[in-house]
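Morning, everyone. I have one structure to walk through today.

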Amino acid sequence: MSRLSLMNINNLFNKIIHKIFFILILILSSISACLSEQLVIISDKLEVNRNTMTSIFTGNVYAKEKELEIWTDRLEVKFIKNNNKNEVKEIVAESSVKIINERGIAHSDYGLYYPGKDLIKLSGNVNVNENGNIIKCDKLALDLKNSTSIMTSNSSQRVEAKIINESLN
């Protein structure tokens, strides 16, 4: 091989290494932003888009933040810039959503979580089980800071609650 072609191969190799390194830095910066707030996400696949400041996790997704755990098929994390740092603005969970916290378990088709506000919004076939008490509705807004929740349903499917009277037990 000529010296010129060896130099071309070496230059090409260096360019590829630099591109791989750049992509790795982008992924690690996205993950480190999550971990700095103690948000850990595990999935089969991760897509990072630095332009839109989003990370999309798909396939057997599990996320844990503080005392909150989320399972879903697809999870999108949206970031905002704050003092030159990426902070999680919102987390969107789609399809087969299951959320567990110390209060109970919730299932739904779709979920939104706002970590900065400790606010969860669920919609579509919402089913909540808290210490045996069961609530079914179309939409749930849960304020974790203030321990308040609002449940609503459309006109054909009303909110249904099964409440266990603990004084009878």
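**Around Thr 72**

Start at Thr 72. Leaving aside residues up to four places away in sequence, Thr 72 touches Asn 60, Val 61, Ala 93, Glu 94, Ser 95, Ser 96 and Val 97. Contact here means heavy atoms within 4.5 Å.

Before I go on, some ground rules. This is a predicted model, where local features need pLDDT of at least 70, side-chain atom pairs count only at pLDDT 80 or more, and totals for chains, interfaces and linings use all residues. Residues are numbered from 1 along each chain as its sequence is written, and side-chain values use heavy atoms, with hydrogens and water left out.

Back to Thr 72. Its place is in strand 4, residues 68-82. Strands (E, at least two residues) and helices (H or I, at least four) are DSSP runs, numbered from the N terminus.

Is Thr 72 buried or exposed? Buried, with a relative accessible area of 3%. The cut-offs: buried is under 20% relative accessible area, exposed is over 50%, and partly exposed is in between, with a 1.4 Å probe and protein chains only. A polar atom of the Thr 72 side chain lies 2.9 Å from the backbone oxygen of Ser 95.

Now look at Ile 80. Ile 80 also lies in strand 4. Ile 80 is partly exposed, at 36% relative accessible area. Not counting residues up to four places away in sequence, Ile 80 touches Met 53, Lys 85, Asn 86, Glu 87 and Lys 89. From Ile 80 to Glu 90 is 10 residues in sequence and 9.1 Å in space, C-alpha to C-alpha.

Next, the strand pairing. Two strands pair if DSSP finds at least two bridges between them. Strand 5 (residues 85-101) and strand 6 (residues 104-114) run antiparallel, joined by 9 bridges. A hairpin links strand 5 to strand 6 through 2 residues. Ile 99 has Ala 106 in strand 6 as its bridge partner.

Ala 106 also stands opposite Val 128 in strand 7. Strand 6 pairs with strand 7 (residues 119-130) over 8 bridges, in the antiparallel sense. These two strands form a hairpin too, with 4 residues between them. In that turn, Asp 118 has a positive phi of about 50 degrees.

Finally, the whole protein. How many helices and strands does the protein have? There is 1 helix, and there are 10 strands. From the N terminus, the order is α-β-β-β-β-β-β-β-β-β-β. Of the 169 residues, 29% are buried.

Terms used: Polar contact = N/O pair within 3.5 Å; in protein donor to acceptor, adjacent residues only side chain to side chain.
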